[in-house]
Amino acid sequence: MIQNVSFRGNIYFCIGFFQALGMQFKNFFFESVDSTNVWLSNLAQSGNDIDGLVVVAGYQTKGRGINTNSWHSDPGKNLLFSIGYRPKSISPSEQFIISKAVSLALVDVLKFYVLPEDLHIKWPNDIYVRNNKIAGILISSTVSGNKLESSIIGIGINVNQTVFPGWIKNPTSVFRETFRIFDCQMILNEFLDAFSNRFDTLNDRNKFDQLHKAYFSLLYRRGEWAAYMILGEKKRAKIKGLSEYGQLILVQENGEKVTCDLKEIVFLEQ
Ligand code: BTN
């Protein structure tokens, strides 16, 4: 039962049901909302169960990106949505496994549209086509004791946008890659299927390793010497692995290993 919701956007069409494999989703569509992540978070904070809710927006007035970045999308051009997810048995220290599963689900879908060999996951969870970003993921989770209580998984996929503002570093879109317009709703349904599939493995700890291997094999710049800003210093380094908490492990030219959190590393152009 959804209650105490303050609707800042106009609900355009409310509630559809989508069943994908083992998961059931309840979809909300807003023509315009501040941010689908914020909307779901407000709903959770007012005591609602957000598990399986999918909030889709045609436009976000305050779309959020990773760190303090904003997420830009022209109205009606792209797929912008958030999913509420209640993990069954993931501890806070294991939460990066969710990023891995979501990134892989996105690759599973985008493979239908762009050459699979061009698709990579830029750590921690940007989806790249060659050197350009086609999709981004923003996950926020709440913890209760030693349990991950709920996660809000926000996803932006650039679908039909052709021109992006200059401040966006290296954007691409499905249109830019294929020169074809696609139906965002269709891509959403494909994603929910892929998400259901990948999230099935999250219920079985024995399958975490399989998920990790698939994620690592798709990492952008894996095993390549490249330029980075690491803790404020420009360095050449090679991605070697991931820590158990999902930090990026690189080896530098002097042979030293360095383990980085998101805020400690910037990928530079060569
Ligand atoms: C990033 O790469 O910086 C993450 C981008 C995440 C954007 C999506 S769009 C739908 C959802 N609502 C938001 O405000 N952000 C996420």
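How many salt bridges does the structure hold? Ten. A salt bridge here is a side-chain nitrogen of Lys or Arg within 4 Å of a carboxyl oxygen of Asp or Glu.

Ground rules next. This is a predicted model: local features need pLDDT of at least 70, side-chain atom pairs count only at pLDDT 80 or more, and totals for chains, interfaces and linings use all residues. Residues are numbered from 1 along each chain as its sequence is written, and side-chain values use heavy atoms, with hydrogens and water left out.

E94 sits in the loop between β4 and α2 (96-110), and R205 in the loop between α4 (184-200) and α5 (208-217), so the pair ties together parts 111 residues apart in sequence. Helices (H or I, at least four residues) and strands (E, at least two) are DSSP runs, numbered from the N terminus.

Now the ligand. Around the ligand are 20 residues, and S35, Q60, R64, I66 and K133 come nearest. Near means a heavy atom within 4 Å.

Polar contacts are pairs of N or O atoms within 3.5 Å. A polar side-chain atom of S35 lies 2.7 Å from a ligand oxygen. For T36, a polar side-chain atom is 3.0 Å from a ligand nitrogen. I66 uses a backbone N or O atom, 2.7 Å from a ligand oxygen. The protein covers 98% of the 420 Å² of accessible area that the ligand has on its own (Shrake-Rupley, 1.4 Å probe).

Which element gives the most to the shell around the ligand? β7, with four residues.

Note on methods. A polar contact is a pair of N or O atoms within 3.5 Å; within protein, one must be able to donate a hydrogen and the other to accept it, and residues adjacent in sequence count only if both atoms are side-chain atoms.
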